[in-house]
Amino acid sequence: MTHVVLRDLTRRFGGVTAVDRLSLEINSGELVAFLGPSGCGKTTTLRMITGLLLPTSGDVLFDNKSMITVPTEKRGAVMVFQKHLLFPTMTVGQNVGFGLRMQGVEKREMQRRVDEMLELVKLPGFANRRAHELSGGQQQRVALARALVVRPKVLLLDEPLANLDANLRLEMRELIRNIQREMSITTVFVTHDQEEAVMLADRIALMFDGLLQQYAQPQDFYQRPTSARVAHFFRNDNLLAGIRRGAQVETALGTLEVDADRTQQPDGKVLVTVRPEDVRLMPNPDEGNCVEAKVLLQVYMGTHTQVQLDLAGHTWMVHSPAHFQAQVGQTITVQLPRSNIWLLPESAS
Amino acid sequence: MQKTIRWVTMAVIFVVALAPILPQFVWSFSHRWLFPALLPTEWSTEPWDYVLSPTSRVGEGFANSLSIAVVVSLLSILVGLPAARALALHQFRGKVVIEWLLMVPIIVPGIVATMGIHQVFIRLHLTDSFIGVCLVHLIPCIPYMVLVMSSVFANYGTELEDTARTLGAGPLAVFRFVTLPGIFSGLLVATMFTFLISWGQYITTVLIGGGTIITLPMVLFPFISGTNYSNAAAISLIFVAPAILVLILTSRQLGRESAVMGGFGKL
């Protein structure tokens, strides 16, 4: 149960700024995902939390105490890497007991806690196996047990599921989530997979190029992205240029009504967006916000049909019911429901 | 299938590594062995009597060679291990230059470097001394230690050490429980290399030792250039013994992990 604060955390490598003035707060027992494409600075941030890497400037606080001068081995922030998981020269039991051995825990107590932890990760009786006798998923679980057995203040997972196949990944996701809830350990995990972040995390910190883009609950990244780039990362490329005046936005396709309280953009140039699953291809005439669109492409996806539309020169993607039928090239009327419209700042990208 | 491969490997090892030693063995017990004869016409234990007597200085040479090789191996580890780690895991200015410098003793004949070093060592009063010989042996030894160990370190990576640190292990505990066990078999091979390189040094020992430090090769060489093959054969058998011993001992260690060296472990 540790409250973590990162304050203006910056790390430069030579002339490159890997992490730029990152500030965020992680509540006790919260599970936070650092999300972003590779090279965005998420792993660097993780290493700075553990103390394996010192920040160029800024501070890391655990329960309001600065950790900058505390060496890694005394911080209680345990990291699980994605590769080279287990100590190859030790048995599974010795691996799990390593942290306790370092603390000088008495042998019988150590044995008991190791067995208990192996039980928790569903590998009872594996204590005498050698690391190389285990499958990838089992090694992953042993690594997790090894981290949890010391009751870490903060648990840090670096792409913990990247090397597992799809089924195993689902299983591990569930295991991590359950154990994390049960023990209520403050946890940070790094991933480049937005789906994984959404499924696991209480909150997501999305980073691009060392800069924090948005730190919010998963649904906000769908409903309230802060920029076109964030929306793009969450698979929404539907953009329409416009000029906002109060509850109305002027666009090339006419005036759209928006919920004034649902958007933080000031009056002026904006980008209108509606998520692919929220655009209505069968408009309800009572609600307005109907615009003309040309069908560019249809792809049947089984559970739905993906329709590519042209909206005044912008290409939009829409998920329609699977039975939706239209001719390519046909002009249809689509509805941008007032409650689903979100406005983004007009950005250079 | 695997059994066949093992036997073929054993056979090749025997022919290539051990068979050339057999004639030496016969030579060392011969008194008269002239060309057409398949075996010596007269046998004798005289060469061994000579070799084991104090006048031959084989005992002294053996002791010197052994202690020099041990000290050189230890010094190589002391210097080479940190260097190998730095070269394998860190990026820094001038890294390429250092890598090249390390290759130089392998490329440039030892005598060239030793001639220059000789002058310096005279001024530092390091010539004709045990430690001087050890230091000059480091020149051909360190590159092998560093090259072997840097690839071992690069392969081992830092994740396990980092994991151990986050689990509460201080730098010493990390080295003792994680780093050392991880690199041990590689270190064994590298130490074996340095030991044997030092063991086989001749020119460098002669120049820096100046005849004061007598090593086994120095006892051996006059016999090879002379005509007493029997004595040379006996000394050369003593000379090659540690090499074979080291090979067998280390391969037993390595046999568990390395398939290539595994064959030796069964000897």
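User: What makes a residue pair between chain B and chain A count as a polar contact, and how many are there?

Analyst: The count is 3 residue pairs, both residues at pLDDT 80 or more. A polar contact is a pair of N or O atoms within 3.5 Å; within protein, one must be able to donate a hydrogen and the other to accept it, and residues adjacent in sequence count only if both atoms are side-chain atoms. The pLDDT matters here because this is a predicted model: local features need pLDDT of at least 70, side-chain atom pairs count only at 80 or more, and totals for chains, interfaces and linings use all residues. Side-chain values use heavy atoms, without hydrogens and water, residues are numbered from 1 along each chain as its sequence is written, and chains are lettered from A, ligands numbered from 1, in the order in which they are written.

User: Which elements of chain B touch chain A?

Analyst: Helices H7 (130-156), H8 (159-166) and H9 (171-199) of chain B each give two or more residues to that side. A helix here is a DSSP run of H or I with at least four residues, and a strand a run of E with at least two, numbered from the N terminus. H8(B) gives the largest share, 7 residues.

User: Why is the pair A:Arg47 and B:Asp162 called a salt bridge?

Analyst: The closest N and O atoms are 2.9 Å apart. The term asks for a side-chain nitrogen of Lys or Arg within 4 Å of a carboxyl oxygen of Asp or Glu. So A:Arg47 and B:Asp162 qualify. Between chain B and chain A the count is 2 salt bridges.

User: How many residues are in contact?

Analyst: Chain B gives 18 residues and chain A gives 25. Contact means heavy atoms within 4.5 Å.

User: How do you know that S11(A) and S12(A) pair?

Analyst: Strands pair if DSSP finds at least two bridges between them. S11 (residues 240-245) and S12 of chain A have 4 bridges, so they pair, and they run antiparallel. A:Arg245 stands opposite A:Gln248. Their hairpin has 2 residues between the strands, and A:Gly246 takes a positive phi near 60 degrees.

User: What makes S12(A) and S13(A) a pair too?

Analyst: S12(A) and S13 (residues 254-257) of chain A also have 4 bridges, in the antiparallel sense. A:Thr251 has A:Gly254 as its bridge partner.
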